Amino acid sequence: MSAFALSLALGTIAGLADFLGGLLLVRRSPTTRSLRYFVALGSGFMLAAAVLEMLPESLKLAPTWAPLMVLVGYCGVHLIEHTITPHFHFGEETHHDEFIARYKSYSVLLGLGVHTLFDGVAIASGFLISNWLGYIVFLAVFLHKLPEGFTVASVMLASGQSRKTALNAALSLGLATLAGVFLINIFPSWVHIGLPVSAGVTIYVAATDLVPEVNREPGIRMALVFFAGVAIFFLLRLLAG
């Protein structure tokens, strides 16, 4: 399969995971409790993939500009989350009073949409470089998609929106992922910018958004799941080698 076909297929799977996360929240599935393990596992895997694969490949592509682009990605998401989407976290929103105004729920959707756009950029950029990098980036993206869809649906419901609107919000995140895939495949020369920026976004989501959610859980269990995510990355690298 071509790089475009692979990135499109796996981008679609990742996008559907966003929708599934929203569906689990709307249906009040008992499996939603296990999503916290996806957060911990995903954060460990994402951090390892970004630091040990996406960063080195970015430096190969653009030795001069890659570090700056990584910083732009990281700081850009930080800016968005402290202006457009303040006071939200990955998981179910229980502080309904913080989301009384409906426009605030759409601001969260917009902020998460930026994340998911770069999820697609990261997947497509990875496959343009190598199948190995593409698959690793896809897995890193996929592991946090269920909590992401769950989160946006929760915020929508907390603001008084309907279940249909909550599901549509989760679906829109999936569509944003596909938009990122198409963007890089239409303009493949942008991979020199897309990969390092998406690496910065990935590091932010893993270390600043997801790890604090892991740290909220008492005991050592969630920390062990985080390290399991890192260990899975090294296992895959060993098997691929």
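Close-up 1. Helices here are DSSP runs of H or I with at least four residues, numbered from the N terminus. Helix α1 has 24 residues, which at 1.5 Å a residue should span 34 Å; the expected span is 1.5 Å times one less than the number of residues. Its end C-alpha atoms sit 35 Å apart, which agrees. A word on what you're looking at: this is a predicted model, where local features need pLDDT of at least 70 and side-chain atom pairs count only at pLDDT 80 or more, while totals for chains, interfaces and linings use all residues. Residues are numbered from 1 along each chain as its sequence is written, and side-chain values use heavy atoms, with hydrogens and water left out.

**Close-up 2. Lys145 and its salt-bridge partners.** The whole structure holds six salt bridges, each being a side-chain nitrogen of Lys or Arg within 4 Å of a carboxyl oxygen of Asp or Glu. In one of them, Lys145 meets Asp18 at 2.8 Å, N to O. That pair links distant parts of the chain, since Lys145 belongs to helix α6 (residues 145–158) and Asp18 to helix α1 (residues 3–26), 127 residues apart. Lys145 also bridges to Asp119, with the closest N and O atoms 3.1 Å apart. Here the partner lies in helix α4 (residues 102–129), 26 residues away from Lys145. Lys145 and Asp18 are both buried, and Asp119 is buried too; buried means under 20% relative accessible area, exposed means over 50%, and partly exposed is in between (1.4 Å probe, protein chains only). Together, Asp18, Asp119, Lys145 and Glu148 make up a network of salt bridges.

Close-up 3. Arg237 and Glu53 join their side chains in a salt bridge of 3.1 Å, N to O. Arg237 lies in helix α9 (residues 221–240) and Glu53 in helix α2 (residues 35–61), so this pair ties together parts 184 residues apart in sequence. Arg237 is partly exposed, at 31% relative accessibility, whereas Glu53 is buried at 9%.

**Close-up 4. Glu213 and Arg216.** Look for Glu213 in helix α8 (residues 191–215). Glu213 is buried, with a relative accessible area of 13%. Its side chain and that of Arg216 are joined by a polar contact of 3.2 Å. Such a contact is a pair of N or O atoms within 3.5 Å; within protein, one must be able to donate a hydrogen and the other to accept it, and residues adjacent in sequence count only if both atoms are side-chain atoms.

**Close-up 5. Aromatic pairs.** The count of aromatic pairs comes to eight. Rings of Phe, Tyr and Trp (its six-membered ring) pair if their centres lie within 6.5 Å; planes under 30 degrees apart are stacked, over 60 edge-to-face, and the rest tilted. Phe127 and Tyr135 have ring centres 5.2 Å apart and planes at 80°, so they are edge-to-face. Phe127 is buried at 3% relative accessibility, but Tyr135 is partly exposed at 41%. Phe226 and Phe227 are also edge-to-face, 5.3 Å centre to centre with 80° between the planes. Of these two, Phe226 is buried at 15% and Phe227 is exposed at 52%. Elsewhere, ring pairs link Phe45, Phe233 and Phe234 into a cluster.

Note on methods: Helices (H or I, at least four residues) and strands (E, at least two) are DSSP runs, numbered from the N terminus.
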